[in-house]
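Have a look at the picture, then read on.

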Amino acid sequence: MPILLGVLTAVGLVAGLLGDGWWDMVSVIGLGVPVAVGAWHMFKPARSPH
């Protein structure tokens with residue numbers, strides 16, 4: 001999963017540099033998904049140890 005998030009981030013960064021139009025949407029998705037996954041893990045309730 002970390003490799004997938006890294007590749008997605010790299011694709012988002014490259015897409016943001018390459019052009020306009022649909023590249024902007026690719027960039028938003030590529031950079032937004034890793035942020036959303038990180039936020040979800042940060043705010044999810046902790047599991048009880050039992």
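## A residue in between

Val-14 is partly exposed, because its relative accessible area is 45% (under 20% counts as buried, over 50% as exposed and anything in between as partly exposed, using a 1.4 Å probe and protein chains only). Val-14 belongs to helix 1; helices are DSSP runs of H or I with at least four residues, numbered from the N terminus.

## About the model

This is a predicted model, where local features need pLDDT of at least 70 and side-chain atom pairs count only at pLDDT 80 or more, while totals for chains, interfaces and linings use all residues. Residues are numbered from 1 along each chain as its sequence is written, and side-chain values use heavy atoms, leaving out hydrogens and water.

## Two helices meet

How do the axes of helix 1 and helix 2 cross? Helix 1 (residues 2-18) and helix 2 (residues 22-43) have axes that come within 7 Å and cross at roughly 150°. Therefore helix 1 is roughly antiparallel to helix 2 (the term applies to angles over 145 degrees; axes are lines fitted to C-alpha atoms over the stretch in contact, with angles from 0 to 180 degrees between N-to-C directions).

On the helix 1 side, the meeting residues include Leu-5, Leu-8 and Gly-12, and on the helix 2 side they include Trp-23, Val-26 and Ser-27. The residues of this contact divide into 12 nonpolar, 5 polar and no charged.

## A buried serine

Is Ser-27 buried or exposed? Ser-27, in helix 2, counts as buried because its relative accessibility is 12%. Apart from neighbours within four places in sequence, Ser-27 is in contact (heavy atoms within 4.5 Å) with Gly-12, Ala-15 and Gly-16. A polar atom of the Ser-27 side chain lies 3.1 Å from the backbone oxygen of Gly-12.

## An exposed phenylalanine

Phe-43 is also found in helix 2. Phe-43 is exposed, with a relative accessible area of 62%.

Key. Angles under 35 degrees count as roughly parallel, over 145 as roughly antiparallel, 65 to 115 as roughly perpendicular and the rest as oblique. Ala, Val, Leu, Ile, Met, Phe, Trp, Tyr, Cys and Pro count as nonpolar, Asp, Glu, Lys and Arg as charged, and the others, Gly among them, as polar. A polar contact is a pair of N or O atoms within 3.5 Å; within protein, one must be able to donate a hydrogen and the other to accept it, and residues adjacent in sequence count only if both atoms are side-chain atoms.
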